[in-house]
Amino acid sequence: MEGFLKAALASWEALPYILGGLWWTAGLILGAMALGLAFGVPLAVAHVYGGRLARRLVSGYVWLFRGVPILVQLYLFYFGIMAYLSELPALSFLPLSSGFFSAVVVLGLTSAAYQSQIFRGAMQSLPAGQLKAARALGLSDGQAIRAIILPQALRLSIPAWSNEYSILLKDSALAFTIGVLEVMARTRSVAAVTHQPLPLSILAGALFFFLTWAGIKTLKRLEAKVRIPGYAHQGTL
Amino acid sequence: MDQPAILRVENIVKTIGGQRILDDVSFAVKKGGLKVLIGPSGAGKSTLLSCINFLSPPDSGVISLDGKPVNGKSKKELLALRQQVGMIFQDFNLFDHLSAMENVRVALIKVKGLDKRAATNRAMEELARVGLADKPSLYPAQLSGGQKQRVSVARALALDPKVLLLDEPTSALDPELIGEVLTVIRDLADEGMTMVMATHQISFSASLADEFLFMEKGRIVERGAPAVLLSRNSGSRTQSFCAKLSELAGDASCEIAS
């Protein structure tokens, strides 16, 4: 019992250090979501409107990143691809040997695969008349997709997107394996000193829970804010 | 009357899924003219309209606007054609995420390159023209069917089209809302807008049309002035089709509204 109290006290003292990991976790998740969005939207557009070859390429990409475990990808990128690229002088401006950079890239590319399918579903759920009307007005396909299709599809994607956020957030805990000092890494290193992993695991769980809650709340607010007037009560009784 | 045709449709053939939807269809509209496409559903009326602006490109045949044949392979020519040929759809196809005014404005900015203020002014004018000056900020989901269709007319008119294609503009409307849309169409005809309209509102369009084109199985099987085709003893397909429609609807006879 005395040992547990001692460990709890040590953990308490280490709290600022552990909380500091929140910044790294937040950085991972924001970077990965942004990268996933930036890649996911063009992938989805290519999938839906790009013809057969584009659809095949996107499908291949999605299969690849959906099929390989995040942990395996982290190792492949950090110890393999990034290590190799870091020797190219042309890329020296990128922090290729940083674990954080590798983790953002891996999580972002994986998320792009999942996000592309979210956006694809949303685009395909729009009535065909939307694109037809835009074309009939003389908008080019690119203009129609940007001005008419995406603004609607992205709105419809928010609920699924917040799901993706919560999954990605927890996947980000794996980044400790390549030395990123995020929440998980810090609780583990404190536990290694106190020899009492349980309270620290509970703390890590609570912190991830908090980040999930805060993110999903924010996205719910965004969803309400961009809701199209008149559709407010669609789907409710 | 030997004014040249503003829109000429020649020998259009369109096959979809192995089925011949349009089989050698030709007609021409003069400036200010109104051609009305009549016929049973599946006759090819909608497909013909969407061949004219290449939303559904014809397999063969020629579409000419102002005497110039349109090259369907050229993206640039297609976009230019669509700017000059407005289209009204049966189910409106308003952009759901844009207000009434923004629906009218979007192509003015994207296609015509107007700045925001000029485009807004123009959009407001067009909304006023269809009697919706007081509803610019409402979204499609907040408008009635008749109002939505009037917004879509304003949206098409804003681009100053030379020809307007109307694909059963009142077919998706509740009966009590049809009148307001027909009034707008009548005003357009009176102002000299060139139109091609597919419709089942035969007696209404008879008073406006210069020619009825009766379509069946992808062909124009009968054409002529409404008064001739609809006269009681004409024995025309148009007459019997119209009689059948009015019998089903249970309303009066299939006469020409004066």
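Modeller: In chain A, residues V183(A), M184(A), T187(A), V190(A) and A191(A) of α8(A) meet P197(A), L200(A), S201(A), L203(A), A204(A), L207(A) and F208(A) of α9(A). Two residues are in contact if their C-beta atoms, placed from the backbone, lie within 7 Å. Helices are DSSP runs of H or I with at least four residues, strands are runs of E with at least two, and both are numbered from the N terminus. By class, the contact of α8(A) with α9(A) has 10 nonpolar, 2 polar and no charged residues. Here Ala, Val, Leu, Ile, Met, Phe, Trp, Tyr, Cys and Pro count as nonpolar, Asp, Glu, Lys and Arg as charged, and the others, Gly among them, as polar.

This is a predicted model, in which local features need pLDDT of at least 70 and side-chain atom pairs count only at pLDDT 80 or more, whereas totals for chains, interfaces and linings use all residues. Residues are numbered from 1 along each chain as its sequence is written, while chains are lettered from A and ligands numbered from 1 in the order in which they are written.

As to geometry, two packed helices are described by the angle between their axes and the distance between the axes. Helix α8 (residues 183-194) and helix α9 (residues 197-225) of chain A pack at an angle of about 165°, with their axes 9 Å apart. Axes are lines fitted to C-alpha atoms, for helices over the stretch in contact, and angles run from 0 to 180 degrees between N-to-C directions. The two helices α8(A) and α9(A) are therefore roughly antiparallel to each other, a description used for angles over 145 degrees, with those under 35 counted as roughly parallel, 65 to 115 as roughly perpendicular and the rest as oblique. Their crossing is right-handed; that is, the near helix is turned clockwise from the far one by less than a right angle, anticlockwise being left-handed.

The C-alpha atoms of chain A fill a box of roughly 75 × 55 × 30 Å, taken along the principal axes. Of the contacts in chain A with a separation of 6 or more, 80% are between residues 24 or more positions apart. Buried residues make up 38% of the 237 residues in chain A. A residue is buried if 20 or more other C-beta atoms lie within 10 Å of its own, exposed if 12 or fewer, and partly exposed in between.

Among the 135 residues in the largest nonpolar core, L28(A), A103(A), A175(A), L37(B), A154(B) and L165(B) touch the most other members. The largest share of this core, 12 residues, comes from helix α2 (residues 15-49) of chain A. Such a core is a set of buried Ala, Val, Leu, Ile, Met, Phe, Trp, Tyr and Cys residues joined through C-beta atoms within 7 Å. Not counting residues up to four places away in sequence, A175(A) touches L28(A), L74(A), G99(A), A103(A), V180(A) and E182(A).

Turning to the partner chain, 20 residues of chain B are in contact with 20 residues of chain A. On the chain B side, the elements giving two or more residues are α2 (75-84) and α3 (100-110) of chain B. By class, that side has 11 nonpolar, 5 polar and 4 charged residues.
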